[in-house]
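The report below reads a single chain from its overall dimensions down to individual residues. Please keep the sequence and the coordinates at hand while reading.

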Amino acid sequence: MKNYLQISIINPNFAFQKKLSNMKTYDIVIIGSGPGGYVAAIRAGQLGFKTALIEKYNTLGGTCLNVGCIPSKALLDSSHHYEDASKHLEAHGIEITGKVKFSLEKMIARKASVVEQTCAGVKFLMEKNKVDVFTGVGSFVSPTQIKITPNKGKTETIEAKHTIIATGSKPASLPFITVDKERIITSTEALQLKEVPEHLIVIGGGVIGLELGQVYSRLGAKVSVVEYTDSIIPTMDRGLGRELTKVLKKQGFAFYTGHQVKEVTRKGKTVTVKATTSKGEELILKGDYCLVAVGRRPYTEGLNLEVAGVQKDERGRVIVNDHLQTNVPNIYAIGDVVRGAMLAHKAEEEGVLVVEQLAGQKPHIDYNLIPGVVYTWPEVASVGKSEEQLKADGIAYKVGQFAFRALGRARASMDTDGFVKILADPQTDEVLGVHIIGARAADMIAEAVTAMEFRASAEDIARICHAHPTFTEAIKEAALATTENRAIHS
């Protein structure tokens, strides 16, 4: 490409941005290497685009692989094994002589190993798909030029025909809380504690708080959850929240729903949390650790979006249209940094969508059919509309529900908590929502997503032959139950 003076109509402040003769040029530049960013890079490489990926940290994978989805599941699995060995194996006729012990240090080390392997896999995929990786902070110099500032060394500027912002999110907090990362912590610090808390106070009854709360509850911590709304996992069907509350209470959790946190203070090793109900009743909890798990916020710091002319909304999210295109035509944004659920698999689908659009294809995402999962045990998974959403929208529906305790497979494995609930249109029988709490719900939800993608009816699911004995038989039985309570085993 020849040297030229680029005239920018979008941002007149950079009307005469001179292109350097040695500047590297790319068809697609992606800022951020989380699931959305690195998947977009892979798809771009597959489609023959000259692609660059910019990541500020030394490892690829973003929050999900480094301090989110992957490490939290590693600790959940390790703590689950410990709980089974210490509480459940005897019922299976397996006797362990002496006290079952655990090493938190080894659990954390195994988690780190899983993260390292996974991140190395992403690096390999970048090389395989001929994606150039730059380590440093990417920031806009103009709508088509991005400066990369590494921790050490010289800055570099590259040229992008198209840019995809995939910088993800960071843990959110409350204005009056000082997160010291020692006793008042976020999910990042909770993944690498050097001791099991005696009393872990969790602010927020969503996915992050419950998953990490269960890790430490299994290892002996007292866990108290303070939630502002009147239900845990409040964005999901309320039936799931009620059932999960019941199960986790049996495991030792204490729940304080309908409580607004007013103050969090620390003195030495003691953290004090003060909260009030809507009636003004005060709650005071004292613990040695407090996990602030009130959600996440879009992360756009350092991007210099104003220089490129990219607009954000009042919540700090990058504004995009249905094609995930910003107000600057050659700049796109995906994942946690835009509207919608903050889910890794949602970001992945959006990354692929943008790249395939640029290749002239016609991809599509049905946001109603992106499943949500809570990886506690029992697991919780949901897709489509909840009962509360259908009621609010004035949409008629019928319900079919089937309890796990009626399954032979659930009794055989001693995983009898939970149920499958299917919501369907009373006239057409089309499935409107599927909500599962129980063993392997995270895997089972894929059947529901598949059925709903093809606009299946409850009768369609009911007529499918499910292997026996399996947990997925509960989906078939719930589908049968939507019509004249035809469930066979209840």
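How many residues lie between β23 and β24 in the hairpin that they form? There are six residues between these two strands, and Asp429 in the turn has a positive phi of about 75°. Helices (H or I, at least four residues) and strands (E, at least two) are DSSP runs numbered from the N terminus, and two strands pair if DSSP finds at least two bridges between them.

The model is a predicted one, in which local features need pLDDT of at least 70 and side-chain atom pairs count only at pLDDT 80 or more, while totals for chains, interfaces and linings use all residues. Residues are numbered from 1 along each chain as its sequence is written, and side-chain values use heavy atoms, with hydrogens and water left out.

**The chain as a whole**

The secondary structure of the chain amounts to 14 helices and 24 strands. Its radius of gyration, taken over C-alpha atoms, is 25 Å, close to the 23 Å that the globule rule (2.2 Å times the number of residues to the power 0.38) gives for 490 residues, so the chain is as compact as a globular protein of that length. Along the principal axes, the C-alpha atoms fill a box of roughly 75 × 60 × 50 Å. Of the 490 residues, 51% count as buried, where buried means under 20% relative accessible area, exposed over 50%, and partly exposed in between, with a 1.4 Å probe and protein chains only. With contact defined as heavy atoms within 4.5 Å, 63% of the contacts between residues at least 6 apart in sequence join residues at least 24 apart.

**Strand β24 and its partners**

Eight of the eight residues of strand β24 (residues 431–438) are buried, so this strand is largely enclosed by the rest of the structure. Six bridges join β24 to strand β21 (residues 379–384), in the antiparallel sense, and six bridges likewise join β24 to strand β23 (residues 419–424), again antiparallel. Val434 in β24 stands opposite Val383, and Val434 is also the bridge partner of Ile422.

**A parallel sheet**

Between β10 and strand β17 (residues 289–292) the parallel pairing extends over two bridges, and Ile184 stands opposite Cys290 in β17.

**Two residues in their surroundings**

Cys69 lies in helix α3 (residues 69–88) and is partly exposed, with a relative accessible area of 30%. Leaving aside residues up to four places away in sequence, Cys69 touches Thr63, Cys64 and Ala344. Thr276, in turn, belongs to strand β15 (residues 270–276) and, with sequence neighbours up to four places away again not counted, touches Gly258, His259, Gln260, Lys262, Glu281 and Glu282.

| Pair | Apart in sequence | Apart in space, C-alpha to C-alpha |
|---|---|---|
| Cys69 and Ile201 | 132 residues | 21 Å |
| Thr276 and Tyr332 | 56 residues | 42 Å |
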